[in-house]
Amino acid sequence: MVLAAAACRSPFPSSTAGSTARIIDVYAASPTSSDAHSLLGGGNWWTSAPTFAQRPLNAASMSSSIQYQVIRRYGNVGTAESWKLTYTEFASSSAATTVITNIQSNAGNGVSGPNVGDKALYYGQQLTQTGGSAQGGAPFETLTIIRVGAFVVESTWDRKDGFPSIGQLGSIATRIVARLRDAVAGKIHGSLISTGDLALLPPPNAAMTLLGAVRLPVEAVPLMLNAAAPTALQSEFTGLSVMDFVYGDYALDEDTHMEVQAAVFKFSSAADASTVFDTFRGGDTPDANGLVKSYNDSTGPGQYDVEFVSGSYMGLMICRSTSEESNEAASRACETPIEVVSAAWAGTLKG
């Protein structure tokens with residue numbers, strides 16, 4: 001029944017009628033971890049899970065002129081440095097132009113820099129705490145905003161040791177624009193996951209709405225969980241020849257300001273799956289449904305995590321707020337839905 005349902009489902013089910021590019025193609029045009037290493041001048045950059053921000057996610061606050069957003073997150077492992085890209089497609093080029101004009105009116109013209117895309121704005125600030133001391137381990141923040149037709153791309157880069165040159169920011173913007181234009185022109189096509197992979201995600205339910213699904217490298221997992229030892233957690237998977245996983249992005253229907261991230265990992269044996277599950281659960285005892293539930297606020301905004309093992313599969317579900325900039329914690333609306341759905345999901349994974 002799950003396979004039959006999956007055959008009728010789409011990895012990107014929401015309508016983006018009138019869009020100039022498919023959301024999966026824009027995702028495919030975004031930088032890889034290797035691209036981040038090259039563009040940002042070295043480092044050990046890993047990608048986290050993307051957000052496919054289309055309705056009903058944030059339906060109450062999303063402007064009617066927005067078609068969808070693709071949000072990519074990157075972390076320089078071993079530092080506090082981060083890079084975030086937000087691709088927003090508006091209903092028209094004029095709507096995107098209005099957004100740029102409003103930004104200039106509120107924030108000024110920024111720093112003079114390379115003219116990239118239809119319009120590029122460059123801003124920078126040193127993040128400080130009350131009293132004037134530097135905030136965090138990467139307080140040098142730059143924001144580059146680029147318009148490309150109906151798209152506006154925001155590139156936010158937090159560095160640990162000073163601001164990058166305006167030339168480097170221009171080079172990054174040039175790369176982003178070139179790839180995005182290729183996606184709009186139909187030269188870049190993202191690969192949809194198979195119906196078999198889609199069937200591994202939580203079965204369709206009334207608690208959360210699927211926004212998009214892709215395969216991700218296991219390096220994304222430590223960043224999703226704000227892991228204290230990301231390289232050690234990555235090695236747990238790669239040491240057992242698990243290099244990637246199926247990822248589903250959802251809106252929580254009870255509170256569409258909350259995003260649910262689901263990940264399923266396939267191991268070569270049930271013993272391998274149990275080994276990694278034991279690492280995840282620490283000393284916690286699974287409940288009657290085999291779930292380990294926790295509220296994770298150790299190194300970031302609070303989020304709800306659920307893990308389980310079923311044969312040679314391990315499942316992970318996270319419920320988090322979409323308000324990253326304000327460090328807003330996940331709402332209590334997350335608790336029951338992700339527990340109920342995870343219990344049902346575990347029963348569908350066999351092998």
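Predicted model: local features only at pLDDT ≥ 70, side-chain atom pairs only at ≥ 80, totals over all residues.

Colleague: Which residues are linked with Arg 73 in a network of salt bridges?

Modeller: Residues are numbered from 1 along each chain as its sequence is written, and side-chain values use heavy atoms, with hydrogens and water left out. A salt bridge here is a side-chain nitrogen of Lys or Arg within 4 Å of a carboxyl oxygen of Asp or Glu. The network joins Arg 73 with Lys 84, Glu 259, Arg 320 and Glu 324.

Colleague: How many residues apart in sequence are the parts that Lys 84 and Glu 324 tie together?

Modeller: Their side chains meet in a salt bridge at 3.3 Å, N to O. Lys 84 lies in strand E4 (residues 82–90) and Glu 324 in the loop between strand E13 (313–321) and helix H10 (335–348), so the parts tied together are 240 residues apart. Helices (H or I, at least four residues) and strands (E, at least two) are DSSP runs, numbered from the N terminus.

Colleague: Is Arg 320 buried or exposed, and at what relative accessibility?

Modeller: Arg 320 also pairs with Glu 324, with the closest N and O atoms 3.5 Å apart. Buried means under 20% relative accessible area, exposed over 50%, and partly exposed in between (1.4 Å probe, protein chains only). Arg 320 therefore counts as buried, at 13%.

Colleague: How many salt bridges does the structure hold?

Modeller: Another pair is Asp 197 with Arg 215, at 2.9 Å, N to O. For the structure, the count of salt bridges is 16.
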